[in-house]
Protein chains: 2
Amino acid sequence: MINEQYKAMLNGKSVIRELAEYATARGKEIGYENVFDYTLGNPSVPCPEEYTKAVLDIYKEMDPMAIHGYSPSLGNPQAREYLAKELSERFGIPYETKHIFMTSGAASSLAHAFRLVTKPGDEIIGFAPFFPEYRPYIKDTGAIFKIVPPDTSDFQIQFEEFEKMLNPNVSAVLINSPNNPSGVIYSEKTLERLASILEAKQKEYGHDIFIISDEPYREIAFDGKTTPYPSKFYDNTISCYSYSKGMSLPGERIGYMAFNPKCTDADIDAVICGQISRGIGHNCPSATQQIAIYKTGFKLSDTSVYETNANLIYDQLVELGFEVVKPQGTFYIFPKALEEDANVFCKKAMKYDLLMVPGDTFGCPGYFRMAYCIDTDKVKRSLPVLKKFVEEEYK
Amino acid sequence: MINEQYKAMLNGKSVIRELAEYATARGKEIGYENVFDYTLGNPSVPCPEEYTKAVLDIYKEMDPMAIHGYSPSLGNPQAREYLAKELSERFGIPYETKHIFMTSGAASSLAHAFRLVTKPGDEIIGFAPFFPEYRPYIKDTGAIFKIVPPDTSDFQIQFEEFEKMLNPNVSAVLINSPNNPSGVIYSEKTLERLASILEAKQKEYGHDIFIISDEPYREIAFDGKTTPYPSKFYDNTISCYSYSKGMSLPGERIGYMAFNPKCTDADIDAVICGQISRGIGHNCPSATQQIAIYKTGFKLSDTSVYETNANLIYDQLVELGFEVVKPQGTFYIFPKALEEDANVFCKKAMKYDLLMVPGDTFGCPGYFRMAYCIDTDKVKRSLPVLKKFVEEEYK
């Protein structure tokens, strides 16, 4: 018999995917260039040229069997060694090869992290607004996902609520900065306060509480700033990275986990992840991709278009009277809707071919997400339409 | 706290990996060419040239964003469409695109299949000898793995034992033909009998019993023969494929599941697998690999060396008086050891730098596996050593 639990999930379709499917269908009717599709977080800039060159070099210089052979279960040793060095230099944390575990992207990094530091029945605390896939990711592990309500004034952390929710069953805290969907970056002050609360609670409870830090947008920060690196603030931190966003390689499913050298069992956490892989059907990312990563080195896509788009949209939203926090990174903005139910708001916007995602799915009703990883030209063409929509429906 | 269940797995290290590590270490001492390393099932022939050409063409002809963008969660539609066509033509089963689900190799195919057709507490029946990783793969799903003892006369199925073990808790049967470690291919007669028993039991129990068919060695068959395709014999069959062996791409983590169009819920099984992926951190294989697969089409590595090696080793073993079933495919042979405990036998062989894996780990004590995916020259050089070992230790 087909497993009823998974079959039942078919009814709970992703709101984002449904909207994206509508966008495609609508595009066939009126031309996709006329659909202002702000639904999907799919990078709109190409990967760095250095990456493409690295792949072609691999094919030129290496033997097919050396390229395509099995990589060890913790990942290609040269890729792990390279990453330990890169992260050490960038963040001043003395990572060694043993602290790096190669994964097939963010979902895989998180699947390993949740299983590593929780057991069924444990609690993982997250913060609204949050990436909706965290729910199914965590559900399958048997841990319980608890959500701290959003601080809508700046989308940092509502610490009073967070402290109320802490209890001895909590074994992990899940953060995501720069944040999908708010576009906000956790400040040093936020990370310091989070660390100090958790350190006290670890002592009080007599057990570890890990920070699982989901960082696919780490390098997409605006205004010349860099993202404070959570692992610098708290030893029990697992940094989960994906090359999907900063290097525009979402389809290649490549990423890694970096264990803070001072975290519990730091010397064997990657090895334990190798054991976790066996049960969930994960056997390393593509061998070619792993080689390409260390041959490319630390190179990023030109993501300046996201900042250009962020500014254009932010200014227009402010002018139209929206309550909105200015994005500090990512390619998302998360304004408050002009009526209580953001679903109704987004539905009305669809009549203008403006496609945006209601905040309910991110644990923050009344808000909506715009993913502006699209051409600036289209953003510019969408602004008068946004204005028309607001004036016709809400003035 | 670090999950104790996974931490405990560190003590249960893989025998095969330990031997392989010894082989590497010993190679550093005496030169790897002098270590007769028959431990690892790692292909020793390159991928087809057509595949390499396909990858280079992709880089020449396609836009980086089209190559590296997200693929839909069930896989690249063109890859799925191509595979439905390929399998329909080869096996006469009318697969459609919806019956194909792209996976990151065999481990991933099986991780999805087990979750799709079982729930915790259900039984999955397998047949000794079997690939040892089946144990951890199944354990994490909560299903129970029951093993039918081997028929050592020909390594087909011991049906009397199998029928005794069937009961209403059985929801799946796991087969692997051509078989690792025996090198044997299930005959049409075996598959017919298996199907007829299962059909009767499905009626008796009033529920499905699926065959999960693990087929990474499908195309490595000797003597001009082809492997009978299990799905042709039984409708409730899920064919799990990996490009690791026949195309020598083990590091690329690419494979698929094919649902027999007549199996239960055939129209939505791939969609349900998309839901299963969310919980186990799987998000499609590499996008480049998926494109490369349909651009390459049905091409195989030149695996004739495996047959050459099989014959050389088989003849020598027979001459030395071993009890051994002649391999019909794969790159394995599974003879009976010359003393009761194959661990002791293999340990003694190590003194001659002959590295072979005791059968206990495959659920078949007293036998040992030789993986002859190595150069024929080395095989030839190993034969007098094998003879010397047998004569000195057992005559």
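The following paragraphs describe a predicted model, taking its sheets, its helix packing, the contact between its chains and some details of its backbone in turn.

Strands of a sheet pair through backbone hydrogen bonds, and the pairing is either parallel or antiparallel. In chain B, an open sheet is built from seven strands, and reading across the sheet gives the order β2-β8-β7-β6-β5-β3-β4. The pairing in this sheet is mixed. At the edges stand β2 (100–103) and β4 of chain B; each has a single partner strand, so one side of each is left without a neighbour in the sheet. From one strand to the next, the twist averages 20°. Helix α6 (residues 106–117) of chain B packs on this sheet, where it touches β2, β3, β5 (170–175), β6 (210–214), β7 and β8 of chain B. The direction of α6 makes about 160° with that of β7(B).

Two pairs of strands show the two senses of pairing. Strand β3 (residues 123–127) of chain B lies alongside strand β4 (residues 144–148) of chain B in the parallel sense, with five bridges between them. One of the bridges pairs Glu123(B) with Ile144(B) in β4(B). Strand β7 (residues 237–242) of chain B and strand β8 (residues 255–259) of chain B, in turn, run antiparallel and are joined by five bridges. Here Ile238(B) has Phe259(B) of β8(B) opposite.

Chain B also has an open sheet of three strands, in the order β9-β12-β11, and its pairing is antiparallel. Its edge strands are β9 (332–333) and β11 (357–358) of chain B, each of which pairs on one side only. Two bridges connect β11(B) with strand β12 (residues 368–371) of chain B in the antiparallel sense. Within this pair, Pro358(B) has Phe368(B) in β12(B) as its bridge partner.

The helices come next. Two packed helices are described by the angle between their axes and the distance between the axes. In chain B, α6(B) packs against helix α10 (residues 269–280) at an angle of about 110°, and their axes are 9 Å apart. α6(B) and α10(B) are therefore roughly perpendicular to each other. On the α6(B) side the contact involves Ala111(B), His112(B), Arg115(B) and Leu116(B), which meet Asp269(B), Ile272(B), Cys273(B), Ile276(B) and Ile280(B) in α10(B). Six residues of this contact are nonpolar, one is polar and two are charged.

Helix α5 (residues 77–91) of chain B and helix α11 (residues 287–296) of chain B also have axes 9 Å apart, and they pack at an angle of about 35°. The crossing of α5(B) and α11(B) is left-handed. α5(B) contributes Gln78(B), Ala79(B) and Tyr82(B) to the contact, and α11(B) contributes Gln290(B), Ile293(B) and Tyr294(B). Four residues in the contact of α5(B) with α11(B) are nonpolar and two are polar, and there are no charged residues.

In chain A, helix α3 (residues 49–61) and helix α11 (residues 287–296) cross at roughly 120°, and their axes come within 9 Å. α3(A) and α11(A) are therefore oblique to each other, and their crossing is right-handed. From α3(A), Glu50(A), Tyr51(A), Ala54(A), Val55(A), Asp57(A) and Ile58(A) meet Thr288(A), Ile291(A), Ala292(A), Lys295(A) and Thr296(A) of α11(A). This contact has six nonpolar, two polar and three charged residues.

The two chains touch each other: 66 residues of chain A are in contact with 66 residues of chain B. On the side of chain A that touches chain B, α1 (4–8), α3, α4 (64–68), α6 (106–117), α7 (134–139), α10 (269–280) and α11 each supply at least two residues. The residues of this side of chain A comprise 30 nonpolar, 24 polar and 12 charged.

Some details of the backbone remain. Most residues other than glycine have a negative phi, and most peptide bonds are trans. In chain A, the peptide bond joining Ser177(A) and Pro178(A) is cis, with omega about -5°. Another cis peptide bond runs from Asn180(A) to Pro181(A), where omega is near 20°. Pro178(A) belongs to the loop between β5 (170–175) and α9 (188–205) of chain A, and Pro181(A) lies in the loop between β5 and α9 of chain A. Phe155(A), although not a glycine, has a positive phi of about 60°. Phe155(A) is found in the loop between β4 (144–148) and α8 (159–165) of chain A.

Methods. Residues numbered from 1 in each chain as written. Chains lettered and ligands numbered in written order. Predicted model: local features only at pLDDT ≥ 70, side-chain atom pairs only at ≥ 80, totals over all residues. Pairing = 2+ DSSP bridges. Helix = DSSP H or I, 4+ residues; strand = E, 2+ residues; numbered from the N terminus. Axes fitted to C-alpha atoms, helices over the stretch in contact; angles between N-to-C directions. Parallel < 35°, antiparallel > 145°, perpendicular 65-115°, else oblique. Left-handed = near helix turned anticlockwise from the far one by under 90°. Contact = placed C-beta atoms within 7 Å. Nonpolar A, V, L, I, M, F, W, Y, C, P; charged D, E, K, R; others polar.
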